[in-house]
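Subject: Structure handover and findings

Dear colleague,

Please find below the structure I am handing over to you, followed by an account of what was found in it. I would be grateful if you could read the two side by side.

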Amino acid sequence: MRGCTLLQCPSKNLLEEGHNARNGGHVESLIDQSPSVPCFEFLFDFFQKHPRREIRRGAQVDDPMLRALQLAWEGFGQTYPNPPVGAVITRGGALVGEGYHRFAGGPHAEIEAIRDAGIVVDKGPESFENASMAVTLEPCSHYGKTGPCAERLAALHFNDVQIATLDPTPKVNGKGVNILRDAGVCVEGLGDTSEYARVARALMHPFWVRERSAKPYVIVKIAIGHKGTMCNDSRGALPITSDASRYMVHQLRAKVDAIAVGASTALRDNPCLDVRFGIGAKNPERRVLTRSHGFDCSTLKMFEVKAKDRGKSKVMVDATPGGFALRELAREGITSLLVEAGPTLFSAMLKASVVDELWVFQSPNTHEGIGVQDVLAENAMQLACVRDVGPDTLQVYLR
Ligand SMILES: NC(=O)c1ccc[n+]([C@@H]2O[C@H](COP(=O)([O-])OP(=O)(O)OC[C@H]3O[C@@H](n4cnc5c(N)ncnc54)[C@H](OP(=O)(O)O)[C@@H]3O)[C@@H](O)[C@H]2O)c1
């Protein structure tokens, strides 16, 4: 990567470095109005540098929290409306069990890890005395489909629980820590400046944006030629960028909850909007954005149901200026939306200030069309980082 600036993620980790909450830590609200961050670029970069390796139960785990973060990344893009979470249990440094939240309605990461250790959660007096758990998000304290995880951990006598970041939602936000602390479990944080805490907060960030702003975290992706132009003619369906860039776009598709295109691109290019290139993840939800009722989607490939489909294809109508159906998407629980925008939608979304992260793939080849540099300048998008992707360049901008 060249010249990458990794900005601090919002929301503070108030479990301060080295602080043992067993003795009475003060836990405050995490509401924070910090500027947006290149959340997806940061996470791709981090997990490319730190891929997860297979290890057997009983083997030593050098860095349990790193492993918990890697597990959470497995679930990233698969768990909406919930955030992704990973958990690792060790005893004397050896792996006892691990897991991650795989899908909404499924067991939470802590319960997956306990089950992986061979314990039936609701039965028996089994105990995790002398065992430690590293978990990327504060264990929940409320009754949902799996019951409060904090109470389960306390009942199973964990010696200590390391938490990478607190849960910012008001119904948890420190209550999980308090349950553990009151039960005599040692609870540790990572400290605000820890890289792992930043990664954990980035994993939570789309969820938090939706909770705070009633819109998904919006990533717009465009492809441009070397003169900074986007195709908007009949050649639009032809790829502008290389296979390396297209592979990366499919990796990105695999990590978002939903992908959207404008009505015009849907009709002209008729894209499938699925995840290909052998990337195993399920297809995200697919949406067409339009301002007019009566849009005919009967011929669109994205409406053909495929084995990898997780969700549905839908036409979303929103004629409000700058609306783009984002509120409705948030109401559906969508935490992250990738918009593969044509020139009209790109300009409109930037002008409406709804873009959190902009990925611009630039090919060295010439293309005629609409220049994007003026649009970027007019809308005060800040270049956050640049990296090579095969023969192309990826520039990531922030609002
Ligand atoms: N280079 C790239 O990265 C890239 C990416 C995608 C597409 N393309 C090319 O771009 C061309 C299409 O570009 P385009 O500019 O005509 O279309 P577009 O930007 O893909 O989509 C524009 C459409 O979005 C819908 N829309 C929904 N909400 C809107 C809002 N608030 N403001 C404005 N539009 C809104 C409108 O549909 P209604 O009129 O029905 O309301 C509008 O016609 C195609 O040739 C395609 O190949 C290039």
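I begin at Gly184, which adopts a positive phi of about 85 degrees just after helix H5. Please note that this is a predicted model.

Helix H5 itself spans residues 175-182 and is mostly covered, with 6 of its 8 residues buried. The buried positions are Lys175, Gly176, Val177, Ile179, Leu180 and Arg181. Against which elements do the buried residues of H5 pack? Their partners are helix H4 (149-155), strand E4 (160-163) and strand E5 (186-188).

Strands E4 and E5 also belong to an open sheet of 5 strands, arranged in the order E2-E1-E3-E4-E5 with mixed pairing. Strand E2 (94-100) and E5 are the edge strands, each pairing on one side only. From one strand to the next, the twist averages 15 degrees. In general, the strands of a sheet pair through backbone hydrogen bonds, in either a parallel or an antiparallel manner. Here, strand E3 (residues 131-135) and E4 are paired in the parallel sense over 4 bridges. Ser132 has Asp160 of E4 as its bridge partner.

Two further helices lie across the sheet strands. Helix H2 (residues 64-75) lies across strand E1 (86-91), E2, E3 and E4, and runs at about 150 degrees to E1. Helix H3 (residues 109-116) lies across E1, E2 and E3, running at about 135 degrees to E2.

Methods
Residues numbered from 1 in each chain as written. Predicted model: local features only at pLDDT ≥ 70, side-chain atom pairs only at ≥ 80, totals over all residues. Buried ≥ 20, exposed ≤ 12 C-beta atoms within 10 Å, placed from the backbone. Helix = DSSP H or I, 4+ residues; strand = E, 2+ residues; numbered from the N terminus. Contact = placed C-beta atoms within 7 Å. Pairing = 2+ DSSP bridges. Axes fitted to C-alpha atoms, helices over the stretch in contact; angles between N-to-C directions.
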